[in-house]
Amino acid sequence: MITLENIHKIYELDHGKKLHALKGIDLHINKGEIFGVIGLSGAGKSTLIRIINMLELPTEGRVIIDGEDITSYREAKLRKVRQSIGMIFQQFNLLSSKTVFENVAFPLELDESLSKDQIKTRVHELLKMVELDDKSDVYPAQLSGGQKQRVGIARALATNPKILLCDEATSALDPKTTSSILKLLTTLRDKLNLTIVIITHQLEVIKECCDRVAVIDGGLISELGNTIDLFANPQKDLTKRLVSAVVRKDLNDLLEYTKLSDTYSEGSRAWFEVLFLGDKAEDPVIVEVAKELNVNVSILAGQINHIQNQPLGILVVAVKGDEELIRRAFDELEKRVYHVQLLGYEVEN
């Protein structure tokens with residue numbers, strides 16, 4: 001559906017300086033998926049999304065939409081392509097002097113082939129789709145942030161796009177409103193067979209609705225994969241830090257104030273981090289291992305997250321015994337769970 005090939009973007013700055021914002025990006029986004037791009041501020045996320053609809057022209061590389069290389073299109077042809085690509089923004093970008101109806105109608109009024117009745121029908125259809133059919137005559141100043149974003153979504157969908165680009169679309173919203181907007185986007189994806197690209201610095205957004213995700217760092221894609229795999233087994237340091245802040249919030253506090261050693265000493269407990277995925281998150285694995293080896297296993301902390309409705313469980317457990325028993329406990333856990341890691345050995349004060 002969307003293919004980026006060797007995309008570079010270099011900005012010319014003052015005094016002959018240059019900023020290499022994107023450095024050879026290769027990316028393919030499948031039709032009908034919700035694809036997330038996450039990174040820190042200045043990583044190149046917004047530049048990337050604006051290159052997809054050619055609001056920013058790449059310095060080098062190709063942008064291919066539905067099999068068509070649009071990189072060399074002239075402005076008139078690009079305008080036609082952009083009608084199939086909707087976009088929503090962090091600050092909503094609504095016209096404050098126009099009503100909700102008029103804001104949504106605005107892109108339709110640019111199409112001379114549509115009658116007023118056709119526009120009216122389409123706008124009411126869109127407002128019903130985003131659950132704002134009772135706000136037609138209201139002005140943006142009278143709306144909450146979530147309602148404003150719903151208007152933005154309705155307007156972006158007015159021309160029946162195949163692709164919806166979301167540039168930090170939930171960053172200005174509270175967590176509850178963010179969740180409702182993400183659920184709406186997922187519903188619209190399924191109903192309209194949209195391909196959605198979400199740019200965000202919030203991993204919670206990725207966690208809730210994205211099928212796949214790319215991590216961008218310094219203008220490069222540092223990690224790419226299915227969302228559940230990225231959360232369960234991040235590879236790069238940046239991804240590990242981002243994931244840890246979301247799925248290990250409570251565990252990080254525990255580990256920060258606990259002194260662990262890399263070396264076993266007689267009588268010390270071994271601390272393991274145990275990762276459960278899917279159905280295994282509800283299995284009595286710890287009890288099974290404790291019974292089988294007749295070993296004391298203490299659960300020190302735990303957390304369950306849901307990544308696109310799939311449970312991802314993390315436990316920190318302590319096992320007491322000699323080195324051989326601890327090794328056997330590790331092996332038995334490894335057979336039963338997605339991942340197990342030795343964090344270290346408890347140091348007695």
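**Close-up views of charged side chains**

**View A. Asp66 pairs with Lys162.** Asp66 has a relative accessibility of 40%, so it counts as partly exposed. Welcome to this predicted model; the first stop is the salt bridge that joins the side chains of Asp66 and Lys162, with 2.9 Å from N to O. Asp66 sits in the loop between β4 (60–65) and β5 (68–69), while Lys162 sits in the loop between α5 (145–156) and β7 (163–167), so this pair ties together parts that are 96 residues apart in sequence. Lys162 is partly exposed too, because its relative accessibility is 34%. As a general point, side chains of opposite charge can pair when their charged atoms come close.

**View B. Asp69 meets Arg62.** Here a salt bridge links Asp69 with Arg62, and their closest N and O atoms lie 3.3 Å apart.

**View C. Arg327 and Asp331 pair within helix α12.** The closest N and O atoms of this salt bridge between Arg327 and Asp331 are 2.6 Å apart. How are the two residues placed along helix α12? Helix α12 covers residues 323–336, and Arg327 and Asp331 are 4 residues apart in it, which means that about one helical turn separates them. Arg327 counts as partly exposed at 42% relative accessibility, and Asp331 is partly exposed with a relative accessible area of 28%.

**View E. Arg189 is a buried arginine in helix α6.** Look for Arg189 in helix α6, which spans residues 175–192. Why does Arg189 count as buried? Its relative accessibility is 13%, and buried means under 20%. Which residues does Arg189 touch, leaving aside those up to four places away in sequence? They are Gly32, Glu33 and Ile34, together with Leu194, Ile196 and Asp211.

Notes. Residues numbered from 1 in each chain as written. Predicted model: local features only at pLDDT ≥ 70, side-chain atom pairs only at ≥ 80, totals over all residues. Heavy atoms only, no water. Buried < 20%, exposed > 50% of the residue type's maximum accessible area, 1.4 Å probe, protein only. Contact = heavy atoms within 4.5 Å. Salt bridge = Lys/Arg side-chain N within 4 Å of Asp/Glu carboxyl O.
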